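Trainee: I would like a close look at one part of this protein. Please take a single residue and describe its surroundings step by step.

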Amino acid sequence: MYQAKRAGGSQVWSFGKEDALRLSHRRRLRADLESASAARQFELYYQPQLDLHTGRIFGAEALLRWNHPQLGLLTPADFLDVLLESSAYEATGDWLIRLAFRQAAKWQTENSIPFKVAVNLSATTIQNCDLAALVAEAAEAACVCPSALDIEVTENVVMSDFAAASRALSEVRRLGVTVSLDDFGTGYSSLAYLTRLPVDRIKIDKSFVQELTAKETCHRAHAMVEAMVALSRALGIRTVAEGIETEAQFALVKELGCDAVQGYLIGKPVLAARIEPYAKISFGTVGA
Ligand code: C2E
Ligand code: CA
Ligand code: CA
């Protein structure tokens, strides 16, 4: 029934072998989740973010991974929906925020420089906990300033309860935390909401970046990215282009005026030990 509804409704879906396999896989993950927390199978990988004005790595986005004993290293696409429905500790913002602050503190102490860690928060975390109190307490426990944290939210998370999200995000911003609107351009992209939402950065979704270098879509993507950058600048919001995989994409987003970039070209998500805070990176002649 749910499959039929997801496919647009008013249609029939016959339950087949693949559906049975998918369901039993989900049931297995749900059961394994119960021991995964205690066995410390969850970890954060970090993907570097490069400031295009200074050419330096100024922060990293924390991305969740599950080191499953039989299935190997799983990415959020494999388990996030199951995890978010569960009561596992890692599904809460508490674990994520505390770990991110501890890691930011470690990098800042080792390198004597300000360095940001970005976390992806779910709608439940934004709406159901006292986010500002949690952030203040976790920053203090890690002996680091709240400004070491960047909170990434998608438009879907914000729109599920705009009033609650904007209240919670305004409160954490008053502490010095920055807020980024993730996957920008793929959801509602409501301009009215953008002007009312307390955000510091928008992350231009990787689909636009990829379209920039595809023959059939490059003109349209060029216009879209140009417009997003112009709008952000007018509103005093910084732009981060996501999913940079090639030097051509890097050159284009730089030329279009993005402030920062993230993607496999700069660095894939890795364990914390492999991130080099404030490393200087340049590509071709444009990045020099
Ligand atoms: P996202 O926040 O948009 O994160 C970026 C995703 O794009 C990551 O996938 C990253 O590995 C991938 N990526 C980065 N650079 C490139 C590139 O150059 N090319 C391509 N093709 N992909 C790139 P990942 O780690 O599988 O995460 C997927 C999504 O899961 C994230 O998308 C985010 O929405 C969600 N997620 C990750 N960690 C957490 C978490 O701790 N909590 C919550 N609630 N969601 C999370
Ligand atoms: Ca993100
Ligand atoms: Ca994103």
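Trainee: In which strand is Lys203 found?

Mentor: Lys203 is found in strand β7, which covers residues 201-204. This is a predicted model, in which local features need pLDDT of at least 70 and side-chain atom pairs count only at pLDDT 80 or more, while totals for chains, interfaces and linings use all residues. Residues are numbered from 1 along each chain as its sequence is written, chains are lettered from A and ligands numbered from 1 in the order in which they are written, and side-chain values use heavy atoms, leaving out hydrogens and water.

The setting comes before the detail. The protein has 12 helices and nine strands (DSSP runs numbered from the N terminus: H or I, at least four residues, for helices; E, at least two, for strands). Its C-alpha trace spans about 55 × 50 × 40 Å along the principal axes. Among contacts between residues at least 6 apart in sequence, 67% join residues at least 24 apart (a contact means heavy atoms within 4.5 Å).

Lys203 is buried because its relative accessible area is 0%. Not counting residues up to four places away in sequence, Lys203 touches Gln49, Glu61, Glu152, Ser180, Leu181, Asp182, Asp183, Phe184, Val240, Glu242 and Gln262. With Gln262, the side chain of Lys203 makes a polar contact to the side chain at 2.8 Å (a pair of N or O atoms within 3.5 Å, where within protein one must be able to donate a hydrogen and the other to accept it, and residues adjacent in sequence count only if both atoms are side-chain atoms).

Glu61 also belongs to that list of residues touched by Lys203. The two are 142 residues apart in sequence and 12 Å apart in space, C-alpha to C-alpha. Glu61 has its place in strand β2, residues 56-68, and counts as buried because its relative accessibility is 4%. A polar contact of 2.9 Å links the side chain of Glu61 to the side chain of Asn120. Beyond four places in sequence, the contacts of Glu61 include Gln47, Glu152, Asp182, Glu242 and Gln262.

Gln47 is the next step. It lies in strand β1, residues 42-51, and counts as buried because its relative accessibility is 8%. The side chains of Gln47 and Gln262 are joined by a polar contact of 2.9 Å. A polar atom of the Gln47 side chain also lies 3.0 Å from the backbone oxygen of Gly267. Among the residues in contact with Gln47, leaving aside neighbours within four places in sequence, are Gly59, Ala60, Leu63, Tyr264, Lys268 and Ile275.

For contrast, consider two residues in loops. Most residues other than glycine have a negative phi. Ser112, not a glycine, has a positive phi of about 50 degrees. Ser112 is in the loop between α4 (93-111) and β4 (116-120), and is exposed, with a relative accessible area of 65%. Cys143, also not a glycine, has a positive phi of about 55 degrees. Cys143 is in the loop between α6 (131-141) and β5 (149-154), and is exposed at 70% relative accessible area.

Notes. Buried < 20%, exposed > 50% of the residue type's maximum accessible area, 1.4 Å probe, protein only.
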